[in-house]
Amino acid sequence: MPAADYLISGAVAVGAGLDRTAALQIMISRPIVAAPLTGWLLGEPLVGLQVGALLELLWLGRLPVGAAIPPDDTQVAVASTLLTITMGKSLALSGLPLLLLCTLVAMPLGKIGQLAERLARNWNGRLLIAAETALETGDLAAAERSHLRGLAHFALASLASFAIIVMVGTLTLHALAPLLAGPVDAAAGGLRLTFPLVGIAIILGSLNVKRARTLFGASFVTVLLLLWLS
């Protein structure tokens with residue numbers, strides 16, 4: 001039932017969104033976990049695994065650590081999985097071309113999550129002042145409420161990001177699918193290879209390890225030789 005799919009995906013979006021910075025941080029927010037989890041709950045775990053594998057490397061070098069706020073790869077992963085599962089019939093596409101088209105449309109919308117998280121952090125900055133004032137006056141209940149409101153702000157930001165990505169993604173896919181379905185279908189094999197290659201290039205560019213490219217090249221050649229010998 002589509003409505004149930006949206007509700008389940010929204011719940012995953014909130015839980016995984018809180019895991020990014022506000023609570024837990026057990027890495028369920030990473031695309032390689034969030035997307036398969038969404039797909040599994042919707043009865044299509046392989047779709048989620050493919051979406052997560054495509055997205056994970058692209059943003060692995062941009063983690064929400066400290067003051068850094070990268071595009072919301074978590075909501076892109078969850079929304080891409082939902083769009084791939086629910087949009088097949090209406091777009092008259094299936095398989096890898098459908099998955100790639102939904103993922104490509106959702107990826108730029110990750111900037112929405114970046115803006116939403118910045119707003120949540122600004123709101124929580126005001127809550128910090130209120131909590132400090134409550135602690136000075138000995139009002140522990142008010143300080144606890146401020147803490148819980150901070151979590152609610154992050155949850156609301158995650159849910160809003162997910163909803164906007166799904167809504168804008170759905171409208172965009174309906175508008176562009178007749179134009180892009182053919183080219184994406186023809187280039188599906190190359191696009192699937194492009195995702196990990198771009199991700200590897202991003203990781204190598206962000207590594208702060210001496211001779212990283214040499215080490216990676218040697219490892220890559222070693223794996224190829226082992227596969228060839230086996």
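Start with helix H2, residues 31–41: H2 gives the most to a nonpolar surface patch, with three residues. Helices here are DSSP runs of H or I with at least four residues, strands are runs of E with at least two, and both are numbered from the N terminus. Keep in mind that this is a predicted model, where local features need pLDDT of at least 70, side-chain atom pairs count only at pLDDT 80 or more, and totals for chains, interfaces and linings use all residues. Residues are numbered from 1 along each chain as its sequence is written, and side-chain values use heavy atoms, with hydrogens and water left out.

**Stop 1: the patch**

Select Ile-8, Leu-37, Trp-40 and Leu-41. Together they make a nonpolar surface patch of about 360 Å². Patch residues have over 30% relative accessible area and no salt bridge; nonpolar side chains (Val, Leu, Ile, Met, Phe, Trp, Tyr) are joined within 5 Å, like charges within 9 Å. A salt bridge is a side-chain nitrogen of Lys or Arg within 4 Å of a carboxyl oxygen of Asp or Glu. Areas come from the Shrake-Rupley method with a 1.4 Å probe, and for residues only the protein chains shown count as cover.

Ile-8 sits in helix H1, residues 2–21. Its relative accessible area is 31%, so Ile-8 is partly exposed. Buried means under 20%, exposed over 50%, and partly exposed in between.

**Stop 2: the loop between H1 and H2**

Select Gln-25, in the loop between H1 and H2. Its phi is positive, about 55 degrees, although Gln-25 is not a glycine. Met-27 is in the loop between H1 and H2 too. Met-27 has a positive phi of about 75 degrees and is not a glycine either. Most residues other than glycine have a negative phi.

**Stop 3: the whole chain**

Zoom out. The chain has 10 helices and zero strands. Of its 230 residues, 41% are buried. Contact means heavy atoms within 4.5 Å. Among contacts between residues at least 6 apart in sequence, 77% join residues at least 24 apart.

**Stop 4: the cores**

Select Leu-55, Leu-91, Leu-100, Leu-101, Phe-162 and Leu-173. These have the most contacts inside the largest nonpolar core, which has 39 residues. H6 gives the most to this core, with eight residues. A nonpolar core is a set of buried Ala, Val, Leu, Ile, Met, Phe, Trp, Tyr and Cys residues joined through side-chain atoms within 4.5 Å.

Stay on Leu-100. Beyond four places in sequence, Leu-100 touches Leu-54, Val-184, Ala-188, Leu-191, Arg-192 and Phe-195. A second, separate core of six residues includes Ala-120, Phe-154, Ala-155 and Ala-157.

Next, Phe-195, in helix H9, residues 188–206. Phe-195 is buried, at 6% relative accessibility. Its C-alpha lies 9.0 Å from that of Ala-53, 142 residues away along the chain.

**Stop 5: helix H7**

Finish at residues 110–136. H7 has 27 residues and reaches 39 Å from first C-alpha to last, close to the 39 Å expected at 1.5 Å a residue. That expected span is 1.5 Å times one less than the number of residues. Its buried residues include Gly-110, Gln-114, Ala-120 and Leu-127. Their cover includes H1, H4, H6 and H8. After H7 comes Gly-138, with a positive phi near 80 degrees.

How values were computed: Buried means under 20% relative accessible area, exposed over 50%, partly exposed in between (1.4 Å probe, protein chains only).
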